Amino acid sequence: MHESFTVAGLTLQNRVLVASGTFGYGDEVPQLVDVNKLGGIVTKSLSMKPRDGNPAPRIAETPSGMLNSIGLANIGVKKFIEEKIPKLSTFSCAVIANIAASSVEEYCGVLEKLDPFEAIAGFEINVSCPNVKEGGLSFGTDKEKVALITKELRRRTKKPLMIKLTPNVTHISEFALAAESEGADAVSVINTIIGMAIDIRTRKTKLSTVTGGLSGPAIKPIALAKVYEVYRAVKIPVIGIGGITSWEDAVEFLLAGASAVQVGTYNFVVPSAGVTIAEGIKSFCEQQSISDVGKLVGAVEAKRDLSVIESWL
Amino acid sequence: MVQTHAPVHSVEEIASGIFRLVFRSHELAATAQPGQFVNVKVNDSLFPLLRRPFSIFFVEGDLVSILFNVIGEGTRILVGKKPGDVIDVIGPLGNGFSAAMNSGGYKTAVIVAGGLGIAPFPFFLSKLEKNKNVLSFIGARTANQIVRFGFNRIHIATDDGSEGFSGNVVDLLAEHFSDHRYELPRIFSCGPTRMLKRLSEFTQKKNIACYASLECAMACGIGLCQGCPVETINGKKKYALVCREGPVFETGAVFL
Ligand SMILES: Cc1cc2nc3c(=O)[nH]c(=O)nc-3n(C[C@H](O)[C@H](O)[C@H](O)COP(=O)(O)OP(=O)(O)OC[C@H]3O[C@@H](n4cnc5c(N)ncnc54)[C@H](O)[C@@H]3O)c2cc1C
Ligand SMILES: Cc1cc2nc3c(=O)[nH]c(=O)nc-3n(C[C@H](O)[C@H](O)[C@H](O)COP(=O)(O)O)c2cc1C
Ligand code: FES
């Protein structure tokens, strides 16, 4: 079976990538995982200046999931170029730079710095960041801002451009359409869902920032529904993310409409999970005599159309 | 650093409510250093989801042990392990006591441990150069929770006064330091943050070098998530990662 394929202009050796913020810059765990067997690596979100991130506690475990409020701690684009790109250039899997910023200018600035490097196969844009100019509200919950960011970045790069959407909105598909209409090559669905946990004895919130982002198996059904919604709304590929821990989970996302998937939180438990999942998808297809994994994409047999489901809720 | 499926050798209650779990792993045993930790997936289900970090308590041949008390879901599952069960372990992880214990400049190793904070020290003592003097101060809630394994001379403090000094282990330490003179002391510590804070104040006042193993919520234990910050004092960066740069820090270098 021929595995390597092209999605959104990216050539990937398989359909499993590791999600931003859950695999560092790709160089942290060489002893535990052969990164060259992954479809690709998405880097931690990069900003123009290094960011310290939030005070402790940044992490709280919840049933089959976790909350985080890392605060986009990252080394900044300059140090990334100096210290990480040389190593990343030696990887045979695709490296996608994820960008986070607090202004449209900053998004553009970071992208322009990274665009010349061959080691960077494409970009994923994290729009779930506070918009400093507009009082810290997330860019990702404002359709016009998502459209504007996509448009400005599209003008500045020919490389694959993926917009990573937040699920913390009423209709995620409208945001996907906004990105598509301004020239995005793909949308990544989903980022974390806002959540909260309280220690009942101390009466303190378990995260220093009160609320944070929920991820892990707990969010999988939500992510799957969002992927399905977006898949039906746009023509560009959808990258499915949220709670994936096994090849069975990944196949579910493909069936719901994802062209590729990303594994996030589960890397913390099993750093080589992405590789195992990619191998699992391959054997599943062989067993089922599916000649091309692509045939699974969107192949769910859904009885109801989405409008019926929505009125049902 | 390896990820390994290690067979459990034994689980045994070595003090009231305190358990020692021993597993077999040649790779881990061969490379572990005092003060490092292992990250254990307690079952193969998605609940609890994350690994649990535990200090390396002791290493003997191919056997590695950890020490814990039952707090929540993870330790409840661990305590039920039977010989031959397999646990999924990543380790050894972090920067332990090696640098501080192997550098010169001290003659007396002073151990200050509170509660489960004794966990890294039996292994530490087994690796300490034999020409050092050793002085151990252990704090526990009550007499039957004192773990003596691996220690020789111990000065004990209990919260309820059921054995030794009645009160806090740092007060006991302070008392000893006002009554005696110790040749070139260096302190190695682990315990609740409140205890470490008091210890750090004491050692800074006395100008004694002090190293402590810190605890912090962790998702990955290997530097992937940025989830385990400790704020540095005059550091190059505002935060250091407890899992990778620690868990052992000089107490004067971080905000406890
Ligand atoms: C570097 C490092 C080394 C560690 N070494 C040891 C060790 O040697 N022995 C050991 O027993 N533990 C150690 N821990 C803590 C350990 O990882 C677990 O957090 C602890 O055993 C509880 O796990 P659990 O799943 O049973 O409880 P959880 O289900 O995680 O927690 C149950 C409840 O207890 C609270 N809680 C969690 N941890 C603690 C704690 N340490 N004290 C008080 N309340 C807590 C939680 O907030 C929660 O409300 C270490 C942690 C770190 C970061
Ligand atoms: C600790 C942590 C840090 C994350 N950091 C980022 C980030 O920097 N940028 C980003 O776009 N997404 C970030 N994410 C979101 C993940 O990439 C992913 O979208 C989300 O966790 C859902 O997938 P999962 O359930 O497989 O983890 C982070 C997630 C976690 C758990
Ligand atoms: S626990 Fe993930 S970086 Fe330290």
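Helix α1 (residues 77–88) of chain A spans only 14 Å between its end C-alpha atoms, whereas a straight helix of 12 residues would span 16 Å at 1.5 Å a residue. That expected span is 1.5 Å times one less than the number of residues. The model is predicted: local features need pLDDT of at least 70 and side-chain atom pairs count only at pLDDT 80 or more, while totals for chains, interfaces and linings use all residues. Residues are numbered from 1 along each chain as its sequence is written, and chains are lettered from A and ligands numbered from 1 in the order in which they are written. Helices (H or I, at least four residues) and strands (E, at least two) are DSSP runs, numbered from the N terminus.

**Helix α1 of chain A**

- Four residues of α1(A) are buried: A:V77, A:F80, A:K84 and A:L88. They sit on the same side of α1(A), because they cover an arc of only 75° around the axis. The arc is that of the directions from the helix axis to the C-beta atoms.
- A residue is buried if 20 or more other C-beta atoms lie within 10 Å of its own, exposed if 12 or fewer, and partly exposed in between; C-beta atoms are placed from the backbone.
- An α-helix has 3.6 residues a turn, so residues three or four places apart point the same way.
- The face turned away from the buried side of α1(A) carries exposed residues A:E82, A:E83 and A:P86.
- The buried residues of α1(A) pack against β7 (94–99) and α2 (104–114) of chain A. Contact here requires C-beta atoms, placed from the backbone, within 7 Å.

**Chain A overall**

- Chain A has 9 helices and 18 strands. Its radius of gyration is 18 Å, close to the 20 Å that the globule rule gives for 313 residues, so chain A is as compact as a globular protein of that length. The radius is taken over C-alpha atoms, and the rule is 2.2 Å times the number of residues to the power 0.38.
- The C-alpha trace of chain A spans about 50 × 50 × 40 Å along its principal axes.
- Of the 313 residues in chain A, 54% are buried.
- Among contacts in chain A between residues at least 6 apart in sequence, 71% join residues at least 24 apart.

**Chain B overall**

- Chain B has 6 helices and 16 strands.
- The C-alpha trace of chain B spans about 55 × 45 × 35 Å along its principal axes.
- Buried residues account for 46% of the 256 residues in chain B.

**Domains of chain B**

- Chain B divides into domain 1 (2–93), domain 2 (98–213) and domain 3 (215–256). The bounds come from an automatic or database domain assignment.
- The C-alpha centres of domain 1 and domain 2 of chain B lie 24 Å apart.
- In chain B, 16 residues of domain 1 are in contact with 16 residues of domain 2. On the domain 1 side, β1 (2–15), β5 (58–60) and β6 (63–69) of chain B each give two or more residues. β6(B) gives the most, with 3 residues.

**Where the chains meet**

- The contact takes 29 residues from chain A and 26 residues from chain B.
- On the chain A side, the elements giving two or more residues are β5 (59–62), β6 (65–68) and α7 (266–269) of chain A.

Terms used:
Contact = placed C-beta atoms within 7 Å.
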